[in-house]
Amino acid sequence: ADRTTSAITLTSWYREMIIQYIVVFLVLLASASTFLSGFRTRAYNAVAKSTKPRRINNNTDTSDTSTGGTRSITNNIQTGDGDLASDQKSYISDIKNHLPAWLQTYHSWHANQLAKLDELETELLVAANGRTAADISSDVIRNRTQQFRFLVVVCLNGVTCGGLSDRIKAIPYWLIRANQTNRILLLHWAKNDIPLEAFWEPPPGGLNWSVPRPKEGGGSSVLSRLLYDETLRAHSCLSKRRGDRRLHRASRPIPGGSTGGRQVVCSHHQTYHFERSRDDMEKYRTELHENSYSYAFHTMFQPSHKFSAYLERTLQGPDLGLELDKVRYATHTPYLAVHIRSKYPLRWKKGELVRPSMAGDREVVQYIADHAIDKLVRKYVDVTGTVRIPPIYVASDSSDVVRYLKYNSTRYGINGGSAAELGEPRRILNITEDIQIQAPRIMGLESLVRPHIEFINVVANEAEKQSEKDVASVSDLYPAFLDLWMLTASRCIASGVGGYGRLGYFLSTAASDCYTVH
């Protein structure tokens, strides 16, 4: 009996010790999690404080038009309408007031540095009796430009850049790093010969991030010489012979804190992986400075001239019927927006990722689509207190989803019972036991194909297109940028899997208090 009692006592002691070890382990794990969370928060606290292949047919207006060494921001934007450009500049000046003080200071410093570079280039051209920077010797450029330091965020051939969200959402981090290291921030897309300037460009009075392309036969500006010229390879980061993967490796010192003494530091868009965390992005948006992410974005980007014309033409078309305010790039008609990532892989089967489709997973896709609209409507009613629901724009990687919600959904589709056609009284829907609404009008562009920018296949012309991945010109990618623009300009947003829909929310000012996940 004594042995049995001793064994039971010993067993109890072991049990208590194991429990104590588990408790200690959990406490240590929680402490480590708190430390890492604090580390991420401190990185963002800098925002609130003042601190120092085949060539695609671009068919865009993004060529470097500078001559005589002049690299003015007006070279990168459409200035045919002087009043419009003036109004846009005034608008950018107004929204800069919403930026943290350090970022306003960095904007001024950035513009001043580029102006000094222009002045230096003019001086060097006069001394060299040259017409472009190609006439200036490499030694002179190397010696006279040491005061300038650059951080160039790149997307190049041979490196995975990710989708549109992956390429853009880390912009706040790069602004912080450029400011802390006193570097001129530039953005450069060259993958598949598709420049970022084909879609977005610096607005008048905004931060000029555009990298001038060298002209045929040599660099056309001091900056393009610094970034491209093989004779300056000690400073150059975009020279073709060095290879894209070497550029990606060269970017690694940035997240660690030190950029070294290199004149030009290149870094990949997805180097800073914290930007993939929704919690971090929420902290940047809500804790540090209201809407600072959105306002920072709008001081850097506006639709390019051709993309703006596409926007205006599409918005005013019969499918949407919206008016575009070209000063603020907003609509006069309020609407809501939902993003549905239908082709996102949801499960693993027989060694392959399964992406749901209307053809193979009709009930799943239809449920996701209807549920997304339900969540958006409930959120809008909760926030505004009104049951009058504005039109809802559907952004999706699948045209089938847009078509289903517009026409065949039993809850929201025109042919599914909500209304016989546009303009007729729409059916009554129960949102909760106590709340009923009229089914809102569903807007969308079901005729547009939206290729994923990372997985496109460049073809020579329209006749060679055989799948949704085939792209013959940059205009084939406009629909994806249009969907993002529609998200950012909406009054309320619902997003699902992936980062694209969340990016639309982070860039929005009107939907700052109205966002849900479906």
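Predicted model: local features only at pLDDT ≥ 70, side-chain atom pairs only at ≥ 80, totals over all residues.
Student: Got it. Which residue stands opposite phenylalanine 150 in strand 2?

Tutor: Start with the strands themselves. Strand 1 covers residues 150–155, and six bridges tie it to strand 2, with the two running parallel. One of the facing pairs puts valine 152 of the bridging across from leucine 186 in strand 2. For phenylalanine 150, the residue opposite in strand 2 is isoleucine 184.

Student: In what order do the three strands of that open sheet come?

Tutor: The three strands pair in parallel fashion. At the edges sit strand 2 (184–189) and strand 4 (264–268), each pairing on one side only. From one strand to the next, the twist averages 25 degrees. Put together, the order is 2-1-4.

Student: How many residues of strand 2 are buried?

Tutor: In a regular strand, side chains alternate between the two faces of the sheet. Here Ile184, Leu186 and His188 point one way from strand 2, while Leu185, Leu187 and Trp189 point the other way, and all are buried. Strand 2 is therefore largely enclosed by the rest of the structure, and the count of buried residues is six of the six.

Student: At about what angle does helix 3 run to strand 2?

Tutor: Helix 3 takes in residues 101–128. That helix lies across both strand 1 and strand 2, and its angle to strand 2 is about 75 degrees.

Student: Is cysteine 155 buried or exposed?

Tutor: Cysteine 155 belongs to strand 1. Its C-alpha atom is 9.7 Å from that of asparagine 192, which is 37 residues away along the chain. Buried means under 20% relative accessible area. Because the relative accessibility of cysteine 155 is 0%, it counts as buried.

Student: What is the bridge partner of isoleucine 340 in strand 11?

Tutor: Strand 8 (residues 336–340) and strand 11 (residues 392–396) run parallel and are joined by five bridges. Within strand 11, the partner of isoleucine 340 is serine 396.

Student: How many charged residues are in the lining of the second largest pocket?

Tutor: The second largest pocket holds about 850 Å³ of space. Its lining has 29 residues, with Arg341, Asp397, His452, Ile453 and Phe455 nearest the centre. The elements giving two or more residues to the lining are helix 5 (164–168) and helix 16 (478–488). By type, the lining has 10 nonpolar residues, eight polar ones, and a charged count of 11.

Student: Last one: how many residues of helix 16 are buried?

Tutor: The buried residues in helix 16 include Tyr478, Phe481 and Trp485. The helix is largely enclosed by the rest of the structure because its buried count is 11 of the 11.

Technical notes:
Residues numbered from 1 in each chain as written. Heavy atoms only, no water. Pairing = 2+ DSSP bridges. Helix = DSSP H or I, 4+ residues; strand = E, 2+ residues; numbered from the N terminus. 1 Å grid on protein atoms, 1.4 Å probe; cavity = no way out; pocket = protein on both sides within 12 Å on 5 of 7 lines; lining within 4 Å. Points joined across faces, edges and corners; volume = space filled by probe spheres on them. Nonpolar A, V, L, I, M, F, W, Y, C, P; charged D, E, K, R; others polar. Axes fitted to C-alpha atoms, helices over the stretch in contact; angles between N-to-C directions. Contact = heavy atoms within 4.5 Å. Buried < 20%, exposed > 50% of the residue type's maximum accessible area, 1.4 Å probe, protein only.
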